[in-house]
Amino acid sequence: MARFLIRRLLWLIPVMFVVAIITFVLMHMAPGGPFDKDPSQRQVDAVTQKALNAQFGLDKEEWLDFAALSKGDIVGFFDTQFFTYMIGGTVKGQWRCGFICGNLGLSFRQRGLTVQDIVLKPPEGKAPWDSKAGYSLRLGLLALFFAMLIGVPLGVVSALRQNTPVDYASLFIATSGVTVPNFVFGIFLIIIFAVFLHAVPVVPTSWDSPLVWILPTIVLGFGLLAQTARLTRASMLEVMRQDYIRTARAKGLGERVVVWRHMLKNALIPVVTIMGPALAGLITGSFIIETMFAFPGWGRQFVTAIQQRDYSMILATTLIFALLIQIANMTVDLIYTFLDPRIKVN
Amino acid sequence: MKKSALFAIIAVFVALVVVACGTPAAPPAVVQTSAPVIQTQIVEKVQTGAPVVQTQVVEKVQTVVVEATAAPAAKEKVLRINLGSYPDIVDPQKSSFVNEIAHLNLIYEGLTKFNEKLETVPGAAESWKYNDKATELTFQLRPGLKYSDGSLLNAARYKYSLMRNIDPHTAGEYAAITDEIAGAPEWRGADLSTISDEDLAKLQATVSESVAALDASGQPCKEGADGYAQEDCLTLKLTLSRPAPYFHTIMGIWVSYPAKQENIEAGGDIWWTSPKYQIGNGPFILKNMEPFVRARFEPNANYWGDKAKVPIEYAYITDSAVAFQAYKNNEFDIIGLAAEDLETVKADATLSKEANIYPGSCTFAVMFHQKKEPFTDQKVREAFAMALDRDGWVKDVLRGLGAPTLTWIPPGYPGYKASDSWGFDPDAAKKAIADSTYGSVDKLPEITDTFSDTPRNRTRNEWLVSKWKEVLGVDVKLNPVESTTYTALTKDQATAPQMFILGWCADYPDQQNWLSVYWKTGGFGERIAYSNPDFDKLVDEADQTVDPAKRADLYQQAQDLLIKGAPVAFMWNNVNSYLVKPWVTGLQLTPQDAGWAGAQVPTSIDIDASKMPSQ
């Protein structure tokens, strides 16, 4: 077990590097730069552009500085945009450690702020879970609980009551969850609960009250709920037809015991499989939810950074997401061993 | 399993519903009212009853309040505005977007400012004077000016801000706008990686002489912190490298706003995120700024002019549908009116009265690259311009949110003059093609229309292309590109497309900003390779003419010359469109409103609490 964990953790490093390389290539392939803004605005003139490029290190070579190598400068050879970001390089004349030291880089758009300030640091005087990452984490976990709490029982019941009204109701919910886009669903819920029923304000003034978290959680979790319900149902149906279930019933066990002790654990394996990456996806925030509810998470940063060509933000958020997904997959693999003793970590 | 599982599911649903609907409508946190007795009565009424009845009760309470008119609304007076996107940076010498300027205009004030008629009027400076040749501009500041924290504001502060704007280390987006100051372009353009420290210091010293803070006897003010505390340091003398009688207007925009040096240094690169460092001299104080959620501004008691009457709150909802719902739910007092919601608003009796649609500060045109065939030929440009039905454009594409134009400077701005050149005339358009060097449409090379790929732009450009097909019979290819790519392409003459829509919005209300800054050789018009030496001569002369009447006439001649050459197809002026609640009083609408209706003169705004519904 320990060896498995160490091996998986060591694998994180090369995977992160490959992700960084691919992201970096794609980022710089897209034409335009961080200082190309809305065309109806005044554009930066050439002189200011040059000064900004120097300030942000965009005047360095992208991968490897062969000009420096030809002068015999080995340090300079690696003092390029990619290595400066990942490992470290000269920033404004001083050597600064990069991503591996937790320095996620200066944001190109929100000048003066580093990416870790924007994403990981809470506003003045607030707790760590009030940072953008903290908000998204909380919402993601809530959405996951919501999806699991309702999706799994729904799937189980519809499997046990196959082809009854309950089954059809759950089918309806599942289909609508998968087909209706979440921005349509979101505005729909806002109109019902905020405008007609006045149960919540349309725009929350503060995220301290638990009431305002309900709508975003439902909108974010509904898709996963639908998927989970269908998956649980299908998985239960398969397990229900197994021989050992018939044996258990023949032994004289009550129906409830059969379901809880024998069916459920086996039926949940596929559900656990999707739970890991699903959680990673939920935590990484949803651009649409954040725009619609003015939710202070980090999903919006990720998407707008691409359009703004905020290179540090793009790299940092992509690498963090890659890390989260790997950890999620690792955790899921570990949970398997508890669910099914036949599965071993090697 | 059957019964208990079902029961559990139902229980969960019921719990959710109860939790969601259990608490009554979220009232605002702070309720300050002068008549607490009446407030308690209303609140008690609202809390009784189930959710369905609650709605009815609210309506009843509303009508009671309106008829009685005696009970003031149980609400704090605050102007709640949805600004749109959250600013990237709120730093006077580094900001450039409208939403950023909307913050700066509340916290700070420049040497001059613009009134409701967009005339340049005294701000922190009570008067200013040019020398005969308009190469020296001397500002006289008001005595006794204070920052919001009570500390002294004098000319030394403004000197620091102007120097910071020009300083190459700042690299502000609008740094070039003060290039008329002697020595500014050289210092600003210094290559920091190669220049020696002494040379850099020399360049800085030249600019420091051009931006002189002087005391009552004409001597330079003391340096550093002593200078900031010097009470008689009230004169700011600017030396310009060439006559610029419009420079006092430029001193009204945000680049000269006097942020405090010690705050900037104490806060470092992120000084602007914290209200304790954003100490300004404007009509409001920044109380707090919660990124992407809220910003709160309180009236500044230390402001020299008319004190603001109500605090202001900005919210940052970018989804216009959500903002619209929130507005209808009385959660916002001012929001931007999106074109998608215009039909709904016009059809509604209440909302149509709350819509404020008035001329904006921008002009948009279809740009033709002067060096790319076939637009090298003026006749072709004329033909394409005359094939466009601008009234149809405003009616069908903009859905009424705009105004057609055939000239460059928009109405409401100094130098505006309506034109009738190259207006919609299909026959003349066809004739122009025949008269051109190509002779007929099938001899024209391939023409593409490039635009930033959004659904709105798709509709717009498809309209344009269909018009040209209809009138001229020419097939123009649509070329959508990703938005940042589009910006990158249009920035440089070599990569700029043959044809694309582009606009210009006024930085400050003066012809120089519209004509010289944009169309002079080397200005923004360089991207489409526009260069007319006669035009350059006219605007150069106008820029340096002190006599206002002669100056206006020269600019007019330049504008006429510009239009005559049909370099682009001037199409439309934008409008500012906002929804404003009826209890917001004292709004003064100007085309230059940055971000919200009445933003240019925020101190006259008040809230009539008696008109607000109480819920």
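I looked up the interface: 61 residues of chain A are in contact with 64 residues of chain B. Contact means that the C-beta atoms of two residues, placed from the backbone, lie within 7 Å. This is a predicted model, where local features need pLDDT of at least 70 and side-chain atom pairs pLDDT 80 or more, while totals for chains, interfaces and linings use all residues. Residues are numbered from 1 along each chain as its sequence is written, with chains lettered from A and ligands numbered from 1 in the order in which they are written.

Next, the side of chain A that touches chain B. Helix H7 (132-160) of chain A is among the helices supplying at least two residues each. H7(A) gives the most, seven residues. Helices are DSSP runs of H or I, at least four residues, and strands are E runs of at least two, numbered from the N terminus.

Then I checked the largest nonpolar core. It has 233 residues, and B:Ala569 is one of those with the most contacts inside it. Such a core is a set of buried Ala, Val, Leu, Ile, Met, Phe, Trp, Tyr and Cys residues joined through C-beta atoms within 7 Å. Buried means 20 or more other C-beta atoms within 10 Å of a residue's own, again placed from the backbone. H7(A) gives the most to this core, with 16 residues.

Leaving aside neighbours within four places in sequence, B:Ala569 is in contact with residues including B:Phe384 and B:Ala385. Both are among the buried residues of H14(B).

Why is helix H14 (378-386) of chain B largely enclosed? Seven of its nine residues are buried, so the rest of the structure largely encloses it. Strand S17 (568-580) of chain B is included in the cover.

Terms used
A residue is buried if 20 or more other C-beta atoms lie within 10 Å of its own, exposed if 12 or fewer, and partly exposed in between; C-beta atoms are placed from the backbone.
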